[in-house]
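Hi,

Here is the structure I promised to pass on to you. Have a look at it first, and then read on for what turned up.

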Amino acid sequence: MDELSTREAAERLGVKPETVYAYVSRGLLSSRKAPGGRGSRFDAREVDALARRHRRPHAVAQDTETPAGTPVRTGITLIERDRYFFRGVDATALAAAYGYEEVADWLWTGRLTPGVRFTAPPELLAAATAAVAALPAHAGPVDRLRAAAVAAAAADPLRFDLADDAVRATARGLVATMATALPPAGPAHAPSAPVARRLWARLTALPPDAGFVRCLDTALTLLIDHDLAASTLATRVAASARAHPYAVVTTGLGALDGPLHGAASGLAHRMLAEALARGSAAAVVSDHLRGGRRVPGLGHRLYAGEDPRAEALFALLERIPRAAAALAAAREVAEITARHVSVRPNVDLALAVLSVSADMPAEAGETVFAVARTAGWIAHALEEYAERPLRMRPSGRYTGPPPEQPLP
């Protein structure tokens, strides 16, 4: 076979030699030691195949905008009749049968690989861990995850490679990096542990319990995507402008960082913790209603009945004795509120039961939501990279003073 030196492979790929070695570390390219042990040799056919995969046509951006109000074509998630589907498969059935990494990888590739594990590249993890450690103690979970993603991007010479296989390799490393770079709260885990196990050690000091970790893994899977939520739409806009995957994810984290999206489970956590401390959910619900506040963890604009994600998590939590008290408080909250308004539990209430019963902080649900949804954002980015660039550009409806105004 024809072989190339590192310099020759870099020239064919149009990259720097260090980027060639980054391709090798990501599994995108193989190499062997040169005779005498000096340098590496690369199969010319494999290099040329990689070069062909990574050449994207330069699409013309004119007349490609998506007008405001126009549905965005997507083949990822469908929500209908109080159920939701990932690529046509019932999402709750997927979560019951497979783990988070398996479903995420299947969503990106169309292939299911049983037992697949995401690993954090050492140089990315070192940069992310240092960035997270430099934040003040009061930094929130999204602050930490955003810092981890930005630091990992700066350490990754392949971040601008938007070929599908490169984006998927980046995504696997980024998810693992985000879950592992957070400050540890409990016992260490093996480097090959699933993402749910790594995240467990960042959220609670409790020893990993099989039932709880399974519940956490299922929560991650259920939360991978939920159609075009605010954060997901933001990530598609970024991908439309050809932002790299790390920038896409930090865009999603920015939209997620608010009480009406990813942080909603924290409000439900505090409500359940108060109900348990006071020995009554009725008093807590009464306080919310008296103050003109909606009761957190109830109702969802896309489901007339119960959120299917909540149903799946409650079924798992019922099997965990330690979750019994928080689960009873959540059901009491739902029953009392239902006397006044027809609303059902949503996934935020189920996440709150998990976080309260596992001695996690109030922000734990937000962390789970953000790590889980990273996989969905990458799936949408892959779709958007295949579209013409800059199509996500609605036109503004100007309502300011008419021209020509005098110079101020």
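Thr170 is a buried residue in this predicted model: its relative accessible area is 2%, and buried means under 20%, so Thr170 falls on the buried side of the cut-off. Thr170 belongs to helix 8, which covers residues 164–181. Which residues does Thr170 contact, leaving aside its neighbours within four places in sequence? They are Arg26, Asp156, Pro245 and Tyr246.

Next, the nonpolar cores. The largest of them has 101 residues, and the members that touch the most others in it are Trp108 and Leu272. Helix 18 (residues 364–385) is the element that gives the most to this core, supplying 13 residues. If you want to follow Trp108 in your viewer, try its contacts, not counting residues up to four places away in sequence: Phe118, Arg168, Ala171, Arg172, Val175, Ala375, Ile378, Ala379 and Leu382. Another core lies apart from the largest one; this other core has 18 residues, including Val20, Phe42, Val47 and Leu158.

Three strands make up an open sheet in the order 1-3-2, and the pairing is antiparallel. Strand 1 (3–5) and strand 2 (32–33) are the edges, each pairing on one side only. Between strand 2 and strand 3 (residues 40–43) there are two bridges, in the antiparallel sense.

Finally, the aromatic rings. How many aromatic pairs does the structure hold? There are three. One of them joins Tyr84 and Phe86 in an edge-to-face arrangement, with 5.5 Å centre to centre and 90° between the planes. Are the two partners buried or exposed? Tyr84 has 1% relative accessibility and so counts as buried, and Phe86 is buried too, with a relative accessible area of 0%.

Happy exploring, and do write back with any questions.

Best wishes

Methods:
Residues are numbered from 1 along each chain as its sequence is written. This is a predicted model: local features need pLDDT of at least 70, side-chain atom pairs count only at pLDDT 80 or more; totals for chains, interfaces and linings use all residues. Side-chain values use heavy atoms; hydrogens and water are left out. Two strands pair if DSSP finds at least two bridges between them. Helices (H or I, at least four residues) and strands (E, at least two) are DSSP runs, numbered from the N terminus. A nonpolar core is a set of buried Ala, Val, Leu, Ile, Met, Phe, Trp, Tyr and Cys residues joined through side-chain atoms within 4.5 Å. Buried means under 20% relative accessible area, exposed over 50%, partly exposed in between (1.4 Å probe, protein chains only). Contact means heavy atoms within 4.5 Å. Rings of Phe, Tyr and Trp (its six-membered ring) pair if their centres lie within 6.5 Å; planes under 30 degrees apart count as stacked, over 60 as edge-to-face and the rest as tilted.
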